[in-house]
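Trainee: Could you take me on a close look at a single part of this model, the packing inside it? I would enjoy one connected walk through.

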Amino acid sequence: MLRASLIAASRSRRLRGIAERSALVGRVVDRFVAGKDAPTAVATVRGLARERLVTLDLLGEDTRDERQAEQTAEAYEHLLARLADEGLTDRVEVSVKLSALGQALGRDGDKIALDNARRICDAAAAAGTTVTVDMEDHTTTDATLQTVQDLRVDFPWVGAVLQAYLRRTEGDCVALSGPGSRIRLCKGAYDEPASVAYRSKQEVDASYVRCLRILMNGDGYPMVATHDPRLITIAEHLAGQAGRTEFDFEFQMLHGVREQEQQRLAHAGRRIRCYVPFGSQWYPYFMRRLAERPANLAFFLRSFVSTT
Ligand SMILES: Cc1cc2nc3c(=O)[nH]c(=O)nc-3n(C[C@H](O)[C@H](O)[C@H](O)COP(=O)(O)OP(=O)(O)OC[C@H]3O[C@@H](n4cnc5c(N)ncnc54)[C@H](O)[C@@H]3O)c2cc1C
């Protein structure tokens, strides 16, 4: 109930405007978001990249303005050039949301998003790194997977994301576990109806294990995006059973979440990639992080009260 309300609030443009302008809220957001601009984010990434891999995400989604979608693509081009100049692109890639690139712009949205995503992939290729396309709510799954398929014709290293809470995802894992296919498996962060998604933690976790087994036994490159200690242990077990070494899959976690576990995995020689978001449009991302864990909401409210 609380989760559904927070996710509903994450879509409110009015609350988004108020929150993104508030300095008080901004301080709490810093735990999850690596600054408002690229120089600040790149400074954070420089430190993290000494021991971890990174995927850098310029925050923004649900763009209703074609020019803004183009500006997002331009911002990624500059970001990738900067990462290359700093010699970081062997350890740092980027994540993109198609709704920030124009996917939600009506009938031509998919084409606009594809064209903008191609620009980013061109820049990533020139910089010597990769791109992973984030997955958003279930109404966009087919279009997003189609765009990934189109991008992979020229850029076979483009990563896709599958969400274990969706009932369809086992089938998608089978379809996308071919050679070279980079697949990030996460539980899923949106509030989806029971008609398309498992709703209980037990069902989602069981689906995650089934999907992971398919990906580990396949020929692609699984990216295990979870902070769940039980699923991390299971992933190591399934990777071993499938004969994968520590270089044949990676763990992924969010910036600001289970930091010690990220360090532990890095020190144990595992490939661990930190998802680092930055930018001024942090509100929907931040609200989804609150929705995932009620303790975050308490932390947020305590900080808010103590600073007012
Ligand atoms: C690298 C990465 C990329 C992602 N990309 C996408 C995407 O493209 N699309 C999408 O829908 N979702 C994405 N997600 C979010 C994901 O779907 C989940 O919502 C999120 O990871 C929480 O699920 P969990 O697997 O960590 O398990 P949970 O059962 O939610 O959490 C397990 C434990 O992890 C810790 N934890 C989890 N979340 C938090 C948090 N916010 N704050 C503090 N502690 C926490 C807690 O200790 C919790 O008990 C991504 C997640 C990661 C790690």
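**Inside the packing**

Mentor: Happy to! The largest nonpolar core has 67 residues, and those with the most contacts inside it are Leu 56, Val 94 and Ile 120. A nonpolar core here is a set of buried Ala, Val, Leu, Ile, Met, Phe, Trp, Tyr and Cys residues joined through side-chain atoms within 4.5 Å. Buried stands for under 20% relative accessible area, exposed for over 50%, and partly exposed for what lies in between (1.4 Å probe, protein chains only). Helix α6 (residues 109-127) gives this core its largest share, eight residues. Helices (H or I, at least four residues) and strands (E, at least two) are DSSP runs, numbered from the N terminus.

A word on the ground rules: this is a predicted model, where local features need pLDDT of at least 70 and side-chain atom pairs count only at pLDDT 80 or more, while totals for chains, interfaces and linings use all residues. Residues are numbered from 1 along each chain as its sequence is written, and side-chain values use heavy atoms, with hydrogens and water left out.

Now let's settle on Ile 120. Leaving aside neighbours within four places in sequence, Ile 120 is in contact (heavy atoms within 4.5 Å) with Ala 73, Tyr 76, Leu 80, Val 94, Val 96, Leu 101 and Val 131.

Next, the helix pair. Helix α5 (residues 66-85) and α6 pack at an angle of about 10°, with their axes 9 Å apart. The axes are lines fitted to C-alpha atoms, for helices over the stretch in contact, and angles run from 0 to 180 degrees between N-to-C directions. α5 and α6 are therefore roughly parallel to each other; angles under 35 degrees count as such, over 145 as roughly antiparallel, 65 to 115 as roughly perpendicular and the rest as oblique. On the α5 side, the residues that meet α6 include Ala 73, Tyr 76 and Leu 80, and their partners in α6 include Ile 112, Ile 120 and Ala 123. By class, the contact of α5 with α6 has 10 nonpolar, one polar and five charged residues. For these classes, Ala, Val, Leu, Ile, Met, Phe, Trp, Tyr, Cys and Pro count as nonpolar, Asp, Glu, Lys and Arg as charged, and the others, Gly among them, as polar.

Finally, look at the loop between β1 (53-58) and α5, where Asp 62 is found. Asp 62 has a positive phi of about 60° although it is not a glycine. Most residues other than glycine have a negative phi. Asp 62 is partly exposed, with a relative accessible area of 25%.
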